[in-house]
Amino acid sequence: MSLDTVLAQDQESPGARPLIPWQEAQEADEGAGAGGAAGRVEERDLMFDGFRYTCRVARHGRATTEPLLVLGGSSQDRNSWVRHEKWLGPLGQVITVDLPGYGTADFLPAAYGVDFLAAAVRHLLDELGVPRVNLVAACYGGAVGLRFAQHYPGMLARLLLVGMTTRIPPDYAAAMERWSVMIERGETESIARELADRFMSPPGTGRVRKHAAVSRLVYQQIAGQNPEQLGKSAEHNTRLMRHEWYRPEPVPAVPSLVVTGEYDTLCTPAMGREVAACLPGARFLTIDETDHLAPVERIADFADLVARFCTDRPLEGLPYCGRPEILGTAVASPARPVPFLA
């Protein structure tokens, strides 16, 4: 059985029935597979400030909320979220993107930081004619997503951050400097092993779904990088060290949710709570039996959580996550998004 097959077989927790129209009929279609929600997919190459980047737009039937934009981590690309579309498709439009410097987009020098990438996100939405989005941003995408929220607040309907922190741990920063040297030496297998160990919780931390399979996936993705991808990885590490990861600027008072894996040892639950405390109206919760790669370890459950949040459904009592904690200030009624009209 292939690794892709292992990951695609993810099932939602018993009793975690998505509260999205016609979802049940789609799940009954066993032949649909990942990304099986009926719809059409378009890919577009765009240019921002001289750099080419690529977006993927999946459209599914009548929209039930604002378009969903997903900003993944540094090791993910626009296709990393295709498996989630089986559950996210009924929301309407799902947008993923390889921003400059990542995936198949143009190489981006490290002189360009998080502000530039946030501006690229704004450019993407302008080009697509999307005035406002539900934003899901994970890990490094969380840094870009939060800066986008701070700089372009009117384009945000809801904000969901995954595996996010306000600071890069000192030992991780030191490791990045070492990895840059190792990349120059071509020691990709050693880097791949170290990164896989960083992203995954150590043995004995707690039960994590698909721990071995996801660990192999991370290792294979990094070890299999070609010279162009390795160059982008090295530049990404340099970008992290040169630019602010988090900046304490005002954040719009929109519904916000910060999510962390129960056993995440890279961006711990304590770090996630610190992020939530910086956001107006933020709630925080952990996803059971996961670590830093929760969206991959529990694909169906994570997608169900996203769908519930983006349609203002209750998050209490879900069998796959902890009780939501209110850590930010309450959102005043006038600040909440106006009802979405398809």
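## Strand E7

Strand E7 (residues 256-261) is largely enclosed by the rest of this predicted model, because 6 of its 6 residues are buried. Buried here means under 20% relative accessible area, with exposed over 50% and partly exposed in between (1.4 Å probe, protein chains only). Strands (E, at least two residues) and helices (H or I, at least four) are DSSP runs, numbered from the N terminus. Ser256, Val258 and Thr260 point one way from E7. Leu257, Val259 and Gly261 point the other way, and all are buried.

The model is predicted: local features need pLDDT of at least 70, and side-chain atom pairs count only at pLDDT 80 or more, while totals for chains, interfaces and linings use all residues. Residues are numbered from 1 along each chain as its sequence is written, and side-chain values use heavy atoms, with hydrogens and water left out.

## Partners of E7

Which strands pair with E7? Strand E6 (residues 156-162) runs parallel to E7 and is joined to E7 by 4 bridges. Strand E8 (residues 282-287) also pairs with E7 in the parallel sense, over 6 bridges. Two strands pair if DSSP finds at least two bridges between them.

Val259 of E7 stands opposite Val162. In E8, the bridge partner of Val259 is Leu285. E7, helix H10 (residues 269-276) and E8 form a right-handed β-α-β unit. Right-handed means that, with the strands pointing away from the viewer, the path from the first strand over the helix to the second runs clockwise.

## Aromatic pairs

The whole structure has 9 aromatic pairs. Rings of Phe, Tyr and Trp (its six-membered ring) pair if their centres lie within 6.5 Å; planes under 30 degrees apart count as stacked, over 60 as edge-to-face and the rest as tilted. Phe48 and Phe116 have ring centres 5.1 Å apart and planes at 40 degrees, so this pair is tilted. Phe48 lies in strand E1 (residues 40-48) and Phe116 in helix H4 (residues 114-128), so the pair ties together parts 68 residues apart in sequence. Both Phe48 and Phe116 are buried.

Phe148 and Tyr152 also form a tilted pair, because their ring centres are 5.6 Å apart and their planes at 40 degrees. Phe148 is buried, with a relative accessible area of 0%. Ring pairs also link Phe48, Phe51, Tyr112 and Phe116 into a cluster.

## The largest pocket

The largest pocket has a volume of about 780 Å³. On a 1 Å grid over the protein atoms alone, a pocket is an open set of points with protein on both sides within 12 Å along at least five of seven lines; a cavity is a set where a 1.4 Å probe fits but cannot get out, and lining residues have an atom within 4 Å of a point. Grid points are joined across faces, edges and corners, and a volume is the space filled by probe spheres set on the points.

The pocket is lined by 35 residues. Ser74, Ser75, Gln76, Gln225 and Ser233 lie nearest its centre. Helix H9 gives the largest share of the lining, 8 residues.

## Cavities

How many cavities of 30 Å³ or more does the structure hold? There are 3. The largest cavity holds about 180 Å³ of space. It is lined by 19 residues, and Gly72, Gly73, Val97, Leu99 and Tyr102 are the closest to its centre.

The second largest cavity holds about 130 Å³. Its lining has 13 residues, with Gln76, Ala138, Cys139, His292 and Leu293 nearest the centre.
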